[in-house]
Protein chains: 2
Amino acid sequence: MTKSPYGELSNQGASTNIAWHHTSVDRQSLAERRGHRSAILWFTGLSGSGKSTLANAVNSALFERGLACYVLDGDNIRHGLCKDLGFSDADREENIRRIGEVSKLFLDAGVVVLTAFVSPFRADRDRARALVAEGDFIEIHCAADLGVCEQRDTKGLYAKARAGEIKEFTGISSPYEAPEQPELSIATGSQNLEECVAQVISHLVAKGIIPA
Amino acid sequence: MTKSPYGELSNQGASTNIAWHHTSVDRQSLAERRGHRSAILWFTGLSGSGKSTLANAVNSALFERGLACYVLDGDNIRHGLCKDLGFSDADREENIRRIGEVSKLFLDAGVVVLTAFVSPFRADRDRARALVAEGDFIEIHCAADLGVCEQRDTKGLYAKARAGEIKEFTGISSPYEAPEQPELSIATGSQNLEECVAQVISHLVAKGIIPA
């Protein structure tokens with residue numbers, strides 16, 4: 001598809017158009033400029049397992065290193081892009097699909113994007129993974145036991161789920177399908193936050209995504 | 001909403017949780033680190049008016065200055081995030097809604113985001129504008145005359161529309177509602193690309209979004 005570079009060039013050949021296309025900014029140019037690659041860090045786990053806390057702490061650590069990074073979580077997705085979606089199976093699937101697509105855009109923009117959603121179903125996470133190239137998708141299981149999450153109950157949701165006030169609550173009345181081969185499994189139920197952050201950062205360094 | 005900073009801190013008070021929240025990266029921190037503000041540059045105009053060409057050229061100019069920037073256009077939206085949408089009125093409206101929401105995420109991530117879509121309806125563009133604060137949304141009308149766009153017909157779409165092969169084609173069989181008070185109106189039909197890019201860059205400098 002050629003594009004016109006406007007008035008005075010409109011009678012010139014296709015080569016000029018192509019030249020303009022070459023000036024487009026791609027991931028490689030972004031990585032060279034910024035000194036780091038982009039990636040999708042997909043945090044998954046039960047409610048209360050520490051996904052959002054860990055994602056935000058990793059994001060802060062990346063920011064402190066001067067890297068381009070951003071967190072997608074319920075706060076900025078469910079009230080905006082996905083506010084038309086409920087919690088039916090089809091809507092949950094569409095929610096995760098859109099988050100995967102938006103993550104891909106941030107990846108393309110050279111940003112390390114961190115997503116923090118329960119994303120309980122393996123098939124949904126695998127679809128998000130399949131949108132991007134091998135190595136671009138890093139699945140991080142926040143592997144806290146249900147008992148720990150329920151005891152924390154940071155948002156009071158488990159109590160409501162047990163009382164039957166929330167239907168189909170993951171871990172209580174709806175399944176959580178743990179990742180079988182996540183790139184990282186983090187013991188967010190027993191380690192402290194600094195240890196968890198260090199594990200993620202080490203992995204990114206080892207994979208050559210960010211400098212040591 | 002408090003969040004647990006994990007195992008060893010789980011019995012501590014709320015203040016520790018809050019401390020972790022304070023390390024979150026906001027737009028102000030991003031702007032200070034990067035030396036520029038973020039903004040949504042919303043390019044609108046007829047097919048063939050040069051939206052995508054101009055957006056990509058401005059993006060390249062911003063990248064050359066070392067700024068964080070990204071283009072959203074049909075290539076990366078219609079085949080991904082909005083691939084479930086067609087061209088009915090409701091689907092067009094939802095398409096622009098999602099683009100507005102995604103733009104807001106990039107804005108929040110400290111990125112100058114450039115959107116290049118016909119976006120023919122004033123109400124849809126105004127809804128996107130309403131998502132963000134005054135000054136964050138810069139509407140840029142690519143004001144080429146229909147005659148010029150149809151003569152260029154870079155994608156051969158006008159010919160198909162005239163032949164009745166495309167229904168509801170903007171400018172031919174569906175209205176284009178030009179912006180009444182866009183932040184910028186650019187004569188993409190008569191000026192060359194360099195002049196158009198310079199106009200956009202000057203505006204961003206004048207508004208204090210990017211350094212001179």
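Predicted model: local features only at pLDDT ≥ 70, side-chain atom pairs only at ≥ 80, totals over all residues.
Residues are numbered from 1 along each chain as its sequence is written, and chains are lettered from A and ligands numbered from 1 in the order in which they are written.

**View 1. Chain A from end to end.**
Welcome to chain A, which has 9 helices and 5 strands. Here helices (H or I, at least four residues) and strands (E, at least two) are DSSP runs, numbered from the N terminus. Starting at the N terminus, the elements follow the pattern α-α-β-α-β-α-α-β-α-β-α-α-β-α. Of the 212 residues in chain A, 44% are buried. A residue is called buried if 20 or more other C-beta atoms lie within 10 Å of its own, exposed if 12 or fewer, and partly exposed in between, with C-beta atoms placed from the backbone. Among the contacts in chain A with a separation of 6 or more, 72% come from residues 24 or more positions apart; two residues are in contact if their C-beta atoms, placed from the backbone, lie within 7 Å.

**View 2. The open sheet of chain A.**
Five strands line up here in the order β2-β3-β1-β4-β5 (chain A), and the sheet is open, with parallel pairing. Two strands pair if DSSP finds at least two bridges between them. The edges are β2 (69–73) and β5 (184–186) of chain A, each pairing on one side only. On average, neighbouring strands of this sheet are turned by 20 degrees against each other, direction ignored. Look for strand β4 (residues 137–142) of chain A, which pairs with β5(A) in the parallel sense over 3 bridges. There, I140(A) has L184(A) in β5(A) as its bridge partner. Helix α9 (residues 193–206) of chain A lies across β4 and β5 of chain A and runs at about 170 degrees to β5(A). For such angles, axes are lines fitted to C-alpha atoms, for helices over the stretch in contact, and the values run from 0 to 180 degrees between N-to-C directions.

**View 3. Strand β1 at work inside the sheet of chain B.**
Chain B has an open sheet of 5 strands with parallel pairing, in the order β2-β3-β1-β4-β5 (chain B). What covers the two ends of that order? The edge strands are β2 (69–73) and β5 (184–186) of chain B, and each pairs on one side only. The twist averages 20 degrees from one strand to the next. Strand β1 (residues 39–44) of chain B is mostly covered, with 6 of its 6 residues buried. A39(B), L41(B) and F43(B) point one way from β1(B), while I40(B), W42(B) and T44(B) point the other way. In a regular strand the side chains alternate between the two faces of the sheet.

**View 4. Partners across the strands of chain B.**
β1(B) pairs with β3(B) in the parallel sense over 5 bridges, and L41(B) has L114(B) in β3(B) as its bridge partner. β1(B) also pairs with β4(B) in the parallel sense, over 5 bridges. In that pairing, T44(B) stands opposite H141(B) in β4(B). Further along, 5 bridges join β2(B) to the parallel strand β3 (residues 112–116) of chain B, where L72(B) stands opposite T115(B).

**View 5. Helix α9 of chain B.**
α9(B) has 14 residues and reaches 20 Å from its first C-alpha to its last, close to the 20 Å expected at 1.5 Å a residue; the expected span is 1.5 Å times one less than the number of residues. Which residues of α9(B) are buried? They are L193(B), C196(B), V197(B), V200(B) and L204(B). These residues are on the same side of α9(B) because they cover an arc of only 100 degrees around the axis, the arc being that of the directions from the helix axis to the C-beta atoms. On the other side of α9(B), S202(B), V205(B) and A206(B) are exposed. The buried residues of α9(B) pack against α3 (51–64), β4 and β5 of chain B. After α9(B) comes G208(B), with a positive phi near 75 degrees.

**View 6. Two loop residues with positive phi.**
D153(A) is not a glycine, yet its phi is positive, near 40 degrees. D153(A) sits in the loop between α7 (146–152) and α8 (157–162) of chain A. Is D153(A) buried or partly exposed? D153(A) is partly exposed, with 16 other C-beta atoms within 10 Å. In chain B, S119(B) has a positive phi of about 35 degrees, although it is not a glycine. S119(B) lies in the loop between β3 and α6 (122–130) of chain B, and it counts as buried because it has 25 C-beta neighbours inside 10 Å.
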